[in-house]
Amino acid sequence: MGFRFPSMIRRASFSSNRGVSKVVDVPKGYLAVYVGEEMKRFVIPISYLNQPSFQDLLSQAEEEFGYDHPMGGLTIPCTEDVFQHITSCLNKL
């Protein structure tokens, strides 16, 4: 028997660079990622993780950051334009 969250929204808590704790809402079945030079936050479906084009991005993230992501979440090392192009293609599947 596993732990269940009382609602469909999971609250993730993390510390920012200033040491201030933030609470961020991420719907169940989704994942927050940070993209581009400005580290823009995107919330994407976890189903993207199985797609070859997204797995390429994950491989790049592993090469660049390993498992130490500076934003406290998954950081994708590409431009926002490239990320939005890939995710728009995945939305059509």
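**Close-up 1. Strands E3 and E4 pair in this predicted model.** Strand E3 covers residues 30-35. Six bridges join E3 to E4. The two strands run antiparallel.

**Close-up 2. Three strands form an open sheet.** Read across the sheet and the order is E4-E3-E5. The pairing is mixed. Which strands stand at the edges? They are E4 (40-45) and E5 (74-76). Each has a single partner strand, so one side of each is left without a neighbour in the sheet. From one strand to the next, the twist averages 40°.

**Close-up 3. Helix H1 packs on the sheet.** Helix H1 spans residues 52-65. Which strands does H1 touch? The contacts are with E4 and E5. The direction of H1 makes about 105° with that of E5.

**Close-up 4. Helix H2 also packs on the sheet.** This helix is made of residues 80-91. H2 touches E3, E4 and E5. Its direction makes about 15° with that of E4.

**Close-up 5. Gln-55 sits in helix H1.** Is Gln-55 buried, exposed or partly exposed? Its relative accessibility is 38%, so Gln-55 counts as partly exposed. That value lies between the cut-offs: buried means under 20%, and exposed means over 50%.

Terms used:
Residues are numbered from 1 along each chain as its sequence is written. This is a predicted model: local features need pLDDT of at least 70, side-chain atom pairs count only at pLDDT 80 or more; totals for chains, interfaces and linings use all residues. Side-chain values use heavy atoms; hydrogens and water are left out. Helices (H or I, at least four residues) and strands (E, at least two) are DSSP runs, numbered from the N terminus. Buried means under 20% relative accessible area, exposed over 50%, partly exposed in between (1.4 Å probe, protein chains only). Two strands pair if DSSP finds at least two bridges between them. Axes are lines fitted to C-alpha atoms, for helices over the stretch in contact, and angles run from 0 to 180 degrees between N-to-C directions. Contact means heavy atoms within 4.5 Å.
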